[in-house]
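Here are a few friendly notes to read alongside the model. Please keep the structure open as you go through the points.

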Amino acid sequence: MEMKKVTFATMLAAISVVIDILVKNLIGTNTIGTAYYAIPILIAAIFLGFKYSVVIAILADAVGVILAGQPFLPLFMVGPILWGLIPGLFLNKKSNLLKIILVVFGTHLLVTTANSFALYIHIHKSFAAMLAELPLRLLLVIPNSLIIGLLSKAVKEPMLLRESFLNND
């Protein structure tokens with residue numbers, strides 16, 4: 001059973017890395033992005049719990065930074081940790097769409113706040129420069145939360161159809 005979980009967790013981490021690198025390359029900026037990399041982390045939270053989802057978030061972010069050729073900026077690690085921790089504590093296989101979207105929205109707001117602080121410390125070095133981008137970053141929270149919540153629910157449902165998925169058989 002444990003090997004199934006580790007294998008599933010590894011696959012989710014790899015998917016998160018691929019999504020993160022693709023989105024970073026498509027957007028082409030280090031200061032405004034999306035949190036689509038969190039979808040596999042949410043799936044881990046739902047099926048594996050917060051211990052796995054936090055580890056997946058940390059590993060996926062670290063590998064993504066390395067593969068994208070970006071410098072490691074430690075405060076940006078807070079966001080992925082929150083994506084692993086909060087949904088891991090509040091979501092499970094029985095979570096409905098509304099609960100998923102609410103948890104994603106709350107997590108996204110906290111991650112945006114943490115990333116804004118990280119931008120201030122690591123990138124902008126000025127509070128005014130960080131504040132200049134904040135309205136757009138906050139505006140993106142609503143549509144991104146809906147997209148992430150809907151996609152996570154869409155991925156979760158087929159997995160639940162197979163009773164033996166990650167069960168002890």
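1. Ile66 is exposed, with a relative accessible area of 64% (exposed means over 50%, buried under 20%, partly exposed in between, with a 1.4 Å probe and protein chains only). Ile66 sits in helix α3. Between Ile66 and Ile56 there are ten residues in sequence and 15 Å in space, C-alpha to C-alpha.

2. A word on the basis: this is a predicted model, where local features need pLDDT of at least 70 and side-chain atom pairs count only at pLDDT 80 or more, while totals for chains, interfaces and linings use all residues. Residues are numbered from 1 along each chain as its sequence is written, and side-chain values use heavy atoms, with hydrogens and water left out.

3. Helix α1 covers residues 2-27, and its 26 residues reach 37 Å from first C-alpha to last, close to the 38 Å expected at 1.5 Å a residue (the expected span is 1.5 Å times one less than the number of residues). Helices here are DSSP runs of H or I with at least four residues, numbered from the N terminus.

4. Which residues of α1 are buried? They are Phe8, Ala9, Leu12, Ala13, Ser16, Val17, Asp20, Ile21 and Val23. These buried residues pack against α2 (38-48), α3 (50-67) and α7, contact meaning heavy atoms within 4.5 Å.

5. The axes of α6 (residues 127-139) and α7 (residues 141-161) come within 4 Å and cross at roughly 30 degrees. That makes α6 roughly parallel to α7, a term for angles under 35 degrees. Arg137, Leu138 and Leu139 in α6 meet Val141, Ile142 and Pro143 in α7.

Key
Axes fitted to C-alpha atoms, helices over the stretch in contact; angles between N-to-C directions. Helix = DSSP H or I, 4+ residues; strand = E, 2+ residues; numbered from the N terminus. Parallel < 35°, antiparallel > 145°, perpendicular 65-115°, else oblique.
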